[in-house]
Amino acid sequence: MSGEKLTILQMNDSHAYLDIHQELFWDGDHARYQLAGGYARIATLFNNIKEENPYETLVFDCGDTIHGTYPAVKSRGMALIPILNYLGFDAMTAHWEFAYGPEHFINLTKSLDYPMLAINCYYESDNHLVFKPWIIKEVGNLRVGVIGIAATIIDKTMPAFFSKGVYFTLGNEELPYYIKKLRNQEKVDVIVVISHLGFPQEVKLAQEVDGVDILLSSHTHNRLYKPVIVNKTILIQSGCHGSFIGRLDLDILHGTISNFQHQLITVTPDIPPDPEVQEMVDHVLNPCRDKLAEVVGYTSTGLNRNTVLESTMDNFLLKSILAQTKAQIAFSNGWRYGAPVPPGKITLNDLYNIIPMNPPVSTVKLTGREIWMMLEESLEHLFSRDPYNQMGGYMKRCMGLNLYFKVENSPGNRVQEIFIQGKKLKMDETYHAAYVTSQGVPPNYGEKHETGDVKAIDAMLKYLKDSPSFKSELQGTVTAI
């Protein structure tokens, strides 16, 4: 018997990058920038593959989709709804979508032609699930069970309003129940999990939980050029910014995957854009194109966030914050999103890509002991030996200090030395710090948190006005020793 065939397409972490944009690719010992992505080109890929397999293709969105660029945030996600509906997803899960607040996101999902799935998002009021936990898709003669797991960090490390009225679990305790239900009661042939936990967490999840056939991973922006096989589970992840699409072609015989092929497809400029989607994209972008295309400065350094401990993009942001506040040190979150800016001109659009929510610049008084503890916490969130305790993005971004640490040490014992403006940190001394968002400096650290009148974009614009052509090299701010 030849069995059944199934094609699965994955988009993850597109961060509302509607149109073609710069992307970073490593080329030997240096970064290379080239254009990639755009929903119109993704639509062409999806449509071409569906034409090859008209009754055998499922398309999933693993989240971080409806937030991340100026038009998305300005419209509170609504601008993307017609485009996403055209792309024809079968289901999604979420993370940054909650940045508009759970109530607004729930309303957004009602405009989608496909369900939002999460087995781990509950109402605080009654502990009931906020979204459907699973669906079944009939594909040819196959019954495919699809389970969703949203990001678990939303109520743990994100700003409090992201999770107003709801809470999140890891989903690992709930997942076996739903697998058993789908297998035994619903008689599905294949189980697909769409998850936004992050690659390390999802590997551990697949190790612990039997019965997942396909695990579509996201959140950590991994470009997996070949699948990872964990406990008979096929796990893939497909980059970020919509610059890549994942494709899995499966042969299924008697409820078992007998063979599969995988491609990580780069969404290259030579892919013709789908005319209908391009028209929708232009409808969203045209009113703000001229504004966002304004050249506001020049950089001789490529700005990107593709490095774990420190990044050129965030060094620029933090320099701007320090110049605005005259603080001694500055902090921001280790965000992963943000299309790179090659050496050359910087546009207003680039600034909004760096920090689309445009938060105000804040200041705080921190003791040396609090700085030490806060950086230990950030290192544990990044390098925890237990993947389930890894929370958030890259290392907290820092400016004005030098941190030396041991990756391999136990929690709370990684920091070796910290210097503030070249002088050894003193535990009982108070330091003047600037930051953006509660992920830069959480509210439980420091005293005299004050929110300024200047927002992040304005701070960067002022910095560029004073330094219209600048460098933003890596400085060795955070160093593993």
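I began with charges over rings, where R305 lies over the face of Y337, 5.7 Å from the ring centre. The test is NZ of Lys or CZ of Arg within 6 Å of the ring centre and within 35 degrees of the ring normal. I found the charged end of R336 over the ring of Y394, at 5.1 Å from its centre.

The model is predicted, so I note that local features need pLDDT of at least 70 and side-chain atom pairs pLDDT 80 or more, while totals for chains, interfaces and linings use all residues. Residues are numbered from 1 along each chain as its sequence is written, and side-chain values use heavy atoms, without hydrogens and water.

Next, aromatic pairs. Rings of Phe, Tyr and Trp (its six-membered ring) pair with centres within 6.5 Å; planes under 30 degrees apart are stacked, over 60 edge-to-face, the rest tilted. I count 19 aromatic pairs in the structure. One of them, F98 with F105, is edge-to-face, at 5.0 Å between centres and 70° between planes. F105 and F131 have centres 5.7 Å apart and planes at 55°, so that pair is tilted. I placed F105 in helix α4 (residues 102-109) and F131 in the loop between β6 (121-123) and β7 (134-139), 26 residues apart. Helices (H or I, at least four residues) and strands (E, at least two) are DSSP runs, numbered from the N terminus.

Y337 came up again: with W96, F161, F162 and W335 it forms one aromatic cluster.

Last, I looked up T363, in strand β19 (residues 360-367).
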